[in-house]
Amino acid sequence: MTEALVEARGLTKKFEDFVAVDSIDFDIIKGEAFGFLGPNGAGKTSTMKMITTVSPITDGKMTVFGLDPTTQGRAIRQRLGVVPQEDNLDLELTVAENLYIYGRYHDMSRASIRERIVELLDFAQLSDRADAKVDSLSGGMKRRLTIARALINDPDLVILDEPTTGLDPQARHALWDRLYRLKQRGATLIITTHYMDEAEQLCDRLVVMDQGKIVAEDSPRKLIQTHAPREVVELRFESGTQDEHVLKLDGVAQRTEVLADRMLLYTDDAEATQQEIERRGVHPEQVLVRRSTLEDVFLKLTGRRLID
Amino acid sequence: MTALRGPIRVVESELLGYKRTWRGTAISSFVNPLLFLTAMGLGVGSMVDSGEGGLGISYLAFVATGLMAASAMQNGAADGAFPVMAGIKWRKSFEGAIATPISPADIVVGRFLWSIVRLTFILVVFGAIATLLDAMEFVPAMKAVPPGVLTGLAFTTSITAFTVTRENETSLSTLFRFGIIPLFLFSGTFFPISQLPGFLQPIAYATPLFHGVELVRKFALPGADSTVVTAIPVWVHLVYLVALTAVSLYLASRWLEKRLKK
């Protein structure tokens, strides 16, 4: 029997007249990595804040660990690890002190915090920076420290709000590696992201959010299978000539998307599509064939791109 | 004790931060009273005391007791202003704290407890220096520490409540410029309120610093006559300051909750 750590039904968040989260349903199962994917303003962070009990629910029902966030916030937070979108480390304290204070906030004994700090610094690859002031760390290091801090209480559920936004590619990969390890140890993760590759790498199951609503829910692979043909042929034309070519290419693929700078052709057989393009006498400046990704799913579901 | 567990954790975190900055604050708690008492008490006092219609006590004793309360006000007010804005907005350390079992009320109560510790230290030092300069007797000076701390707390809590409703620091500077400084000058710190123009006197009686100054004098200068203190009973000052502190503490907790948990 699978155990749901978070159950939401008709969950809604309004800020005066603005509906940030519009009656969504989801279950998060113990041991899975669950993703909320969507562009900025889709309602991901508002949802996270309701789960972490720092934002009152406007309407609908939700339980976290079977508890009520409105009345049992403290008991819920005791078992959560929260990695906020923006780091809020104490810059004037050292790396180890930041972990120590969080341990105290969680009412841990000094001795058990000390033990845990050694493990976590090792996990976050910051052992040699234990006594450095946080101010002196790089962005990637601060992010890893924020994650380590969220793990101080050995949480049953770890919530990561856009864990790699703003990091360079190298730091992102280092962080994914840490999150992957966390997952292997059996932690339950909730991850919000507007990066498709991140969702594909880390999430077992995800929901796609747009304008406060859930527009699709499945595993990354199934979402791609259901909503996007296997391959994508991307065409770029000489500037100003895209429009005339678009007409000629009508019907060459199962589905086409015309973006400002390029055209996307969705097909199960890229080779056949390319031959057909050739046959119609269209010669794009650049042709790129790739596998469909969640980005393509998002485009199909919402008609918009993830990052503008 | 369970209810105080959260606030005590907040005190621990304040203490950890304080370890890095304590030298500067400790030195200023020694140097400030020394400078003020020398300049105002000994310098100005030598001229005041030689004049007519004196106070019945030395001007140094008068101004030292006033400054003790005023210093509690200034330190208390400072605790409730910029560090609170920093926690909400600049360093976002409050946001970090409330992601754990700590609640906004724990933060407010914890910072309140921390202010008690800090104000006690500052005022004990003040009393000791005043004793050395012969402005007060040691035992009455120490008896005036708790009333002084209460005065400071009335300001910490009320200004915390104010700060958590403010969007940015501009209104904090305004508060100090048009609130704290006039109080400092016109609440009986440097001269008895009876010297103010008649229509201003009721306003002065209504201010928290007036009650703090009166309270400190009534403890630190036992037997002072009506040129120095008013006939208002001690319990009135106590009720005023305790009520202001309690109401502010309650409002600060509620308003911080609203501010942080949107």
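Q: In which handedness of crossing does α10(B) pass α11(B)?

A: The model is predicted, and local features need pLDDT of at least 70, side-chain atom pairs count only at pLDDT 80 or more, while totals for chains, interfaces and linings use all residues. Residues are numbered from 1 along each chain as its sequence is written, and chains are lettered from A and ligands numbered from 1 in the order in which they are written.

The crossing of α10(B) past α11(B) is left-handed, a term for a near helix turned anticlockwise from the far one by less than a right angle (clockwise is right-handed). Helices (H or I, at least four residues) and strands (E, at least two) are DSSP runs, numbered from the N terminus. Helix α10 of chain B covers residues 208-220 and helix α11 of chain B covers residues 234-260; they pack at an angle of about 135°, with axes 9 Å apart. Axes are lines fitted to C-alpha atoms, for helices over the stretch in contact, and angles run from 0 to 180 degrees between N-to-C directions. α10(B) and α11(B) are therefore oblique to each other; under 35 degrees would be roughly parallel, over 145 roughly antiparallel, 65 to 115 roughly perpendicular, and the rest is oblique.

On the α10(B) side the contact is made by B:Pro208, B:His211, B:Gly212, B:Glu214, B:Leu215 and B:Lys218, and on the α11(B) side by B:Val234, B:His237, B:Tyr240, B:Leu241 and B:Leu244. Contact requires C-beta atoms, placed from the backbone, within 7 Å. The residues of this contact divide into 6 nonpolar, 3 polar and 2 charged. Ala, Val, Leu, Ile, Met, Phe, Trp, Tyr, Cys and Pro count as nonpolar, Asp, Glu, Lys and Arg as charged, and the others, Gly among them, as polar.

Chain A has 11 helices and 13 strands. Four of its strands form an open sheet in the order β11-β12-β10-β13, with antiparallel pairing; two strands pair if DSSP finds at least two bridges between them. The edge strands, β11 (255-258) and β13 (286-291) of chain A, each pair on one side only. Within chain A, β10 (residues 231-236) and β12 (residues 263-267) are joined over 5 bridges, and A:Glu231 stands opposite A:Thr267 in β12(A). Helix α10 of chain A (residues 270-279) lies across β10, β12 and β13 of that chain, at about 30° to β10(A).

Between the chains, 21 residues of chain A are in contact with 22 residues of chain B. α3(A) gives the most to the chain A side, with 5 residues.

Key
Contact = placed C-beta atoms within 7 Å.
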